[in-house]
Every structure is written in C-alpha cells, then in structure tokens.
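Open the model in your viewer and keep the sequence panel in view. The stops below are given in the order in which to select them.

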Amino acid sequence: MTLDDYNSFCASLPAASHVVQWGGAHVWKVGAKVFAIGGWSEGKEPFVTFKCSDIAYDILKEQPGLRPAPYLASRGMKWIQRQTNQSMDDDALKDYLRESHRLVVLKLTKQARKELGLATS
C-alpha cells in the first residue's frame, strides 16, 4: 500500500478528516480523534499505525512486520504499527483500519456522532 493508497482508503471512511503533523505523518481522525497514522518509512510503503482490540493487539504484536506502536503502546494504548506486509496484506490492513475507525467512533459522544452524521447506536 502506497501513501496515496492509504490516504485514499482512509478518506473513504465516514466523517474522516486528514492532517499532516508530527514530522510529516499523515494522520486520519474522526471527530478530532485519531484512528490511523501513516508515514515515517524510508521505503515505498509507509508504516501504518492503527487502534485495535485487546485480543487483536495481543496477537498482532508478535507477528513479523508488525509491532506495538511507538509512543502509543508504551502508554498502555492498544495500537499496532505495520512496518511491512509480511504478516498482513493490504486487504487485511484495510479491515484493521475500518475497525480502528469503528472503535474510535464508539468512543465519541452521541452528540458528536450525530453532528458527524454517524450512527448513534
């Protein structure tokens, strides 16, 4: 997945907004809350960081090409960084990005979800 592919996919998710910050990282948010971070790699494919469930975190952190996300995981948050596609292809990454978006939406207030046009249930 190229940086353009990553940005295009994240842009397709409901109420997603994009900002470049933190040293050139492409940060995607919903309701001002981060759900994905892409960038920082030397190669063609960006490192992609995303929020995940506790169970997914426990499994993914042990897989080749994946690691607990720097800074976020060290503070007890369940975020994974994909550095290579060795254990997670682009389709699986998209599924995890969708799930990260969903997890972040669930943490928004009902009012914030309503203002963003997202389901409130």
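Start at G39, which stands opposite F47 in strand β4. Strands here are DSSP runs of E of at least two residues, and helices are runs of H or I of at least four residues, numbered from the N terminus. This is a predicted model, in which local features need pLDDT of at least 70, side-chain atom pairs count only at pLDDT 80 or more, and totals for chains, interfaces and linings use all residues. Residues are numbered from 1 along each chain as its sequence is written, and side-chain values use heavy atoms, without hydrogens and water.

Select β4 (residues 47-51) with β3: the two run antiparallel and are joined by 4 bridges. Pairing requires at least two DSSP bridges between the strands.

V30 stands opposite K33 in β3. The β2-β3 hairpin has 2 residues between the strands, and G31 takes a positive phi near 60 degrees there.

Next, colour β3 (residues 33-39) by accessibility. Buried means under 20% relative accessible area (1.4 Å probe, protein chains only).

Then show the largest nonpolar core, of 25 residues, where Y6, F35, F50 and L97 touch the most other members. Such a core is a set of buried Ala, Val, Leu, Ile, Met, Phe, Trp, Tyr and Cys residues joined through side-chain atoms within 4.5 Å. The elements giving two or more residues to this core include α1 (3-11) and α3 (90-107); α3 gives the most, with 4 residues.

Finish with another core, lying apart from that one, with 6 residues, among them A25, I37, L72 and W79.

Methods. Buried means under 20% relative accessible area, exposed over 50%, partly exposed in between (1.4 Å probe, protein chains only).
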